[in-house]
Amino acid sequence: MNDEYDSVQWNVHATTDALPDRNDPHLMFSPNSQHNYYNDNQSIDASGTTSQFYAEPNNGSPLANSPKYNTQSTATHSQSSTSHSPKIESVQNEQTEEAKEAMPMIIRVEDPQKRSEGTSSYVAYLIATNTTVQTFSSPQPRPVRRRFHDFIWLHDVLALEFPASVVPPLPEKHRMKYVKGDRFSSEFIERRRLGLQWFMDRIARHPYLQQSQSTRLFLESADFKNDQQAQSRRVPRVTSVLDTLSDTLLNAFVKVKKPDERFVDMKENVDKLHDNLDTVEKLYSRISKRQQGNNFSASIKGLSMIEKDAAQPLQQFAKSIEEYSIAMASMNNKEELHFLNDVHELLAYCNATKEVLHERDQKQVDFEELSNYLQRAIQERERIMYPGRNMGDGSGLNITEFMADKMNEVRGTDSNRAREERLLRLQAKINELQEEVARTNDANNYFSSQMVREFDIFQGAKSRELKQGLASYADCHIEFCQKGISIWENIIPVLEQIKIDGDKEEYQSNEQASTSTMSVYEEHYRNREEDAESEESEDQNLPNLNYYSNYNFVTDEY
Amino acid sequence: MNNDPNKHNPNQPCQCNIDRALHGPNGFVFINGAQKQSDTPTGKSYFAYNIRIGDTETKHRYSEFESLRKSLVRLHPTMIVPPIPEKHSIVDYAALQTRVKDDLSMVEKRKRMLQTFLNRVAKHPQLGHDHVFHRFLENGVAWSDVLHSSPLSDLPKNPLQVIASKQPDIAAYEAILANSLIPTPTATYTLKNPDPRFEESEKFTYRIANYMSNNLDKSQRKVIRRLGELANDYAELGAVYNGFSLNETGAVANAIEKIGQAVDASYTETGQMVTALEGEFAEPIQEHSQFAHTIKQVLRFRHMKHAQVELIESSLKNKEESLQNLLDIEREASRLHDAMTTERTIGSNALDIDQINEAANSHTSGEESGQEESPYLNNDHRPIVRRRSRGWGGPVQMISAVGHTLQGLIDVDPASTRHNQIGKTKDSMELLQKALEITRKDLAAASIEVQADLDRFQREKIRDLRDMLIAYAKVHINYCQKNLESWEEARVEIDKIPN
């Protein structure tokens, strides 16, 4: 039993069970005090309470029976869960089940419709769910309509219910759009719909969030308003309990003393991803600005007004340029909608993950600080019980207390009674602290183990979403390139059609220039007249290449 | 000058090796290199361009191309001589702190554009057969010698005194030209009877010239500049993706790496597109913008020729009028004379005759002195007119003026003086008639030549335009295809990311 406790106590991170290195200078507990602590624990633990300290901290032993995380069977859990409310069940679920697998779940957010409610109006989205999650009444979709407010509710309630989980972020509210009044513009609604789809996809993939009672209500409830209120009443108690666990604000600026490499790595990983995505997003907006069209096509059009000989092909060429820049613009639009949005949402998800990572660090800080405090209390007790024994430690903190002791001894005033009282007080404090330490330890362990799972989920979501985003990114480019090829390939025959009816003529001129210049002119002139005649019979649309030569030149006019 | 049998006559093909090479099957002129060389006396360095036609190789520097072009313009004022790349502008010098002459991309651009120039000249029906041009391509010819020998050294300073036409029958009137009978109109001379067809051409050319340099060239430069900036952005983005891929693992890393490669390819391709567009699109547009200015000059030349004809015409008309006056007086005088001989009894009439004579004389002399100037007075170009009068009308006028004064003073024999004047006017009219004939013929021939070359050029321009646009389209197709490939590769890699 001691071994087991050891492992729990020393393994702040719950999942790795390696025994701690006792020579580690950072050890917070001395071997002595450790034994004391756990022996005390054991006696209290005998009361046989469950580990429901989150939900009912004052009911039964406040000392969480941490090893139970690893040992408690699913059977006992399900047994106990029957007697609890759904809320408790969900909390327990997440605490007790290792690496829960996500069930297949597909949620579609579609068909946004503008609704009116009194004077205000809103957009309601149709949400259809296919899933095999058992709490759902049917694996087939039973579509419901939800508005943005409802999504916010779901997000908040999940955040309260699963403090150690990364609850996917909602799309930004875009407050400016409300002011500008284009809240109901199709573009804005489509963007939001996409954002909400991301949100639901992430929940659907999350093994805990997807099975939450709140999620089920959101996705299924026909009488959502009432169910929503009922659920809201149930959930907040969890957080109020969490809030009382320890004063996180107190330790807000204290850094983790013994950072766990796993979480350091996680944080670094997420930070890097965040930075990379951020750079991509920024660079991209610059590029898409650069790709915006210019007036080159107008220039070519203007040329077609002057060069009447090739007016039509020039106009078509100008049209091609326009088409090309339209294709480019549509690529940019699609990229923005599918890739940049993806990047943006992923960034928000990164931030959410970072918050939870921070929260976990905070739990560890709480635990470390309380442990420290406890250790000092125990040391004090030792010192009082065995005066002068720990002097060798030379701990600066104890000098004043030592002096106080000495003073008491010198005064000799009822020293024994005072000592008894002090010991009693200390013992009470130590007991209280031990409870707290155990609780924060459990909280920390719970957050840590959950964080490991969450990070896996996040990584899965990241690669899936990156895949999706990059795929549509590549698709946009592929589509654009294909369009570009076809645009330019189509114009080439038109350009090749440009008739240069002097080709043959010039050849003749070249040939004859060497013999007689005059005859060249005659020849030239004759050809021109012929051309003029033949041209009249030809299609009027064909480019007229004889701009300069449409005059009959009469030499002896003077 | 053209008909001197000892000199080269451009009418006759020179049949030199270069001419044969140029018009043979492998008649393309290559500029296959440029070397930096230094001028020993001045110590300045310059680039010499290697020119190759067939087996003949020679070297020329930019300034020699420039003088070749100038020479061709002087020899063929009615021809549209292709442009050479522009000199460096002051802006270039200011913008590029390094010495522009050393800028390799500039040398490359000049190489391309000078090669185009040589081939355009070679393909030109007249210029391609010009021996001066052949001498330029010949090996071992000192270009300065060509510049200082016939036919270039024989050309008069004033290009308007050149007989533009190469027809032999006009060349026969060389003697008259040598007397500087043909006037030089001012640059602002407005034609009285402009040729509507050439007026149209002029308008068209000005529009084209303005459009080319103000609109098309500018917007085209903007397109290329944008693409250049875009290429840099792609380079940056590619680097970001590559860095990104290093932070990821497995299939995601591979996919991002491929995306990075695709973006890098976009960078390379955009860069290549810029180069291709510079060569195949931007440079032709610049050339044609220069062409438009050359055409302006050619049309200006024809315009001046036309002005010459009109000036001679109007002088002739004045001569005719004064002759008519003289003849009228003569007729009147002889009528009076007849009357006097028949009515000798009236002595008092003798005074009347003298008065009439005097009046006639003064009238005539007034006509005489005014006749040269009147056409120009109408045009308000007195300074030039004076020069012109002195130039050819001067001596005649001076003599007649002196003669009249003497006659008026002495009045030896008003009748014979009048006869003299009539004869002189007739002589100068004959001369003017000849000059008019020559200039008319020359104008007509020049007009035909200009017209023919404009036609030829218009075809060439349309062909260039077509080639340019096709090149533009092909460059874009190539760009899209290359990008398509790299993006499709990236797409395959993305699909490998497990769900």
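1. The largest nonpolar core in this predicted model holds 98 residues. Tyr473(A), Trp488(A) and Tyr241(B) touch the most other members. Both chains supply helices to this core: helix 12 (261–290), helix 13 (296–306), helix 14 (311–385) and helix 16 (415–496) of chain A, and helix 9 (196–247), helix 10 (250–342) and helix 14 (414–495) of chain B, each with at least two residues. Helix 16 of chain A gives the most, 20 residues.

2. Tyr241(B) deserves a look. In chain A, Tyr241(B) touches Val280(A), Phe339(A) and Tyr473(A). In chain B, leaving aside residues up to four places away in sequence, Tyr241(B) touches Ile256(B), Ile259(B), Gly260(B) and Val263(B).

3. Another core, of 33 residues, lies apart from the largest one. Its members include Cys16(B), Val29(B), Leu118(B) and Leu137(B).

4. Next, a helix pair across the two chains. The axes of helix 13 of chain A and helix 9 of chain B come within 9 Å and cross at roughly 165 degrees. Angles over 145 degrees count as roughly antiparallel, so helix 13 of chain A is roughly antiparallel to helix 9 of chain B. The crossing is left-handed. Residues that meet here include Phe296(A), Ile300(A), Leu303(A) and Ile306(A) from helix 13 of chain A, and Phe204(B), Tyr211(B), Leu216(B) and Val223(B) from helix 9 of chain B.

5. Chain B overall: 14 helices and 3 strands. Of its 499 residues, 49% are buried. Among chain B contacts with a separation of 6 or more, 77% join residues 24 or more positions apart. The accessible surface of chain B is about 23,200 Å², with 53% belonging to carbon and sulfur atoms.

Methods:
Residues numbered from 1 in each chain as written. Chains lettered and ligands numbered in written order. Predicted model: local features only at pLDDT ≥ 70, side-chain atom pairs only at ≥ 80, totals over all residues. Heavy atoms only, no water. Core = buried A, V, L, I, M, F, W, Y, C linked by side-chain atoms within 4.5 Å. Buried < 20%, exposed > 50% of the residue type's maximum accessible area, 1.4 Å probe, protein only. Helix = DSSP H or I, 4+ residues; strand = E, 2+ residues; numbered from the N terminus. Contact = heavy atoms within 4.5 Å. Areas by Shrake-Rupley, 256 points an atom, 1.4 Å probe, with all protein chains shown as cover. Axes fitted to C-alpha atoms, helices over the stretch in contact; angles between N-to-C directions. Parallel < 35°, antiparallel > 145°, perpendicular 65-115°, else oblique. Left-handed = near helix turned anticlockwise from the far one by under 90°.
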